[in-house]
Structure formats: structure tokens, C-alpha cells
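Subject: Structure handover and findings

Hello,

Here is the structure for you to look over. Please open it alongside this email.

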Amino acid sequence: SPSPAELWLASAKLHTTSNITHLTHFLSTSPLLHPLIYPMIPDASYLVWLDCTPLASLLHLSGPSLARFFTARARVQISPGTEFAPHCGGWVRMNVACATPVLSAALGRIERAVGAAVGR
């Protein structure tokens with residue numbers, strides 16, 4: 001039978017996969033966010049890359065200024081892509097290893113912040 005550690009790991013993987021599905025569904029069904037933010041589904045991680053190139057272009061943001069937008073306007077701490085590769089100015093990395101209601105609230109704040117920034 002599985003050990004407690006194996007059970008915990010299986011549960012954590014299931015929860016992370018569920019949150020990634022929730023994130024991708026939210027982004028793909030939001031009329032506002034779908035054309036501006038595209039998720040890159042990780043193979044084995046709780047860190048999701050978000051291609052925000054259309055949003056960054058629209059708001060004239062890149063790298064740290066794009067990440068600051070999410071922090072200041074949506075109160076969501078996101079890592080700028082430029083921390084990992086200099087050519088990833090329109091990308092950010094989001095941690096989804098959290099309670100699903102926390103993720104839902106963060107996504108709602110992102111949607112409202114983007115809507116306010118683009119005038120919708």
C-alpha cells in the first residue's frame with residue numbers, strides 16, 4: 001500500500017493539475033483575457049508560463065514593468081519572464097500551487113485590472 005508521503009504527493013499532483021485546468025479554462029473563456037494572455041501548460045511543474053505579449057504590447061509594458069502591473073493593479077505576485085531569459089519580456093510565470101479559491105480570486109483580480117487598463 002502507498003506510504004503517507006506517496007499519498008500526499010499524489011494528492012498534490014492532482015490538486016496542481018486541477019488548478020492548471022482551472023487557470024486555462026478561465027483564460028480561454030474570458031472574452032477579455034483570451035485574446036491577451038495565453039497559458040503554456042507545464043509538463044511537470046506548478047509554475048505556469050503566461051504569454052502576455054499581446055497585453056504587454058497594448059499597455060507598452062515589458063519584463064519587470066509587466067510584472068509590476070500585475071502586482072500593483074491586480075495584487076498578484078508574478079515573476080517577469082526576463083528573470084529567466086532576456087527575450088521573454090512579454091511573458092510572466094505564475095505559481096498555481098495554492099488553494100483553488102485563492103487562484104480564482106487572483107484570476108478575477110487580473111481580469112478586472114486588465115479590463116480597467118484597456119478601458120473595458
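Below is what was found in it, from the whole chain down to single residues.

First, the ground rules. This is a predicted model, so local features need pLDDT of at least 70, side-chain atom pairs count only at pLDDT 80 or more, and totals for chains, interfaces and linings use all residues. Residues are numbered from 1 along each chain as its sequence is written, and side-chain values use heavy atoms, with hydrogens and water left out.

**Overall**

The chain has four helices and four strands. These are DSSP runs, numbered from the N terminus: helices are H or I with at least four residues, strands are E with at least two. Along the sequence the pattern reads α-β-β-α-α-β-β-α.

The radius of gyration, taken over C-alpha atoms, is compared with a globule rule of 2.2 Å times the number of residues to the power 0.38. For 120 residues, a compact globule would come out near 14 Å; the chain has 15 Å, which agrees. Along the principal axes, the C-alpha atoms fill a box of roughly 55 × 30 × 20 Å.

Of the 120 residues, 38% count as buried. Buried means under 20% relative accessible area, exposed means over 50%, and partly exposed is in between (1.4 Å probe, protein chains only). The accessible surface is about 6800 Å², and 61% of that surface belongs to carbon and sulfur atoms. These areas come from the Shrake-Rupley method with a 1.4 Å probe; for residues, only the protein chains shown count as cover.

A contact means heavy atoms within 4.5 Å. Take the contacts between residues at least 6 apart in sequence: 56% of them join residues at least 24 apart.

The expected span of a helix is 1.5 Å times one less than its number of residues. Helix 1 covers residues 4-29, which is 26 residues. From first C-alpha to last, helix 1 reaches 37 Å, close to the 38 Å expected. Its buried residues are T16, N19, I20, L23, F26 and L27. They pack against strand 1 (38-40), strand 2 (47-51), strand 4 (91-95) and helix 4 (100-118).

Helix 4 has 19 residues, which should span 27 Å; its end C-alpha atoms are 27 Å apart, so the two agree. The buried residues of helix 4 are L103, A106, L107, G108, R109, I110, A113, V114 and G115. Their cover includes helix 1, helix 2 (53-59), helix 3 (64-74) and strand 4. G119 follows helix 4, with a positive phi near 80°.

Which residues does I110 touch, leaving out those up to four places away in sequence? They are L33, I37, F70, A74, V76, I78 and M94. I110 lies in helix 4. It counts as buried because its relative accessibility is 4%. I110 and A74 are 36 residues apart in sequence, yet their C-alpha atoms are 5.0 Å apart in space.

**Strands**

Two strands pair if DSSP finds at least two bridges between them. Strand 1 and strand 2 run antiparallel, joined by three bridges. They form a hairpin with six residues between them. P39 stands opposite L50 in strand 2.

Strand 2 also pairs with strand 4, in the antiparallel sense, over five bridges. There, W49 has R93 in strand 4 as its bridge partner.

**Aromatic pairs**

Rings of Phe, Tyr and Trp (its six-membered ring) pair if their centres lie within 6.5 Å; planes under 30 degrees apart count as stacked, over 60 as edge-to-face and the rest as tilted. The whole structure holds three aromatic pairs.

W49 and W91 form an edge-to-face pair, with 6.4 Å centre to centre and 70° between the planes. This pair links distant parts of the chain: W49 is in strand 2, W91 is in strand 4, and they are 42 residues apart. W49 counts as partly exposed because its relative accessibility is 22%. W91, at 23%, also counts as partly exposed.

F69 and F70 form an edge-to-face pair too, with 5.5 Å centre to centre and 75° between the planes. F69 counts as buried at 7% relative accessibility, and F70 counts as buried at 1%.

W49, F84 and W91 form one aromatic cluster.

Best regards
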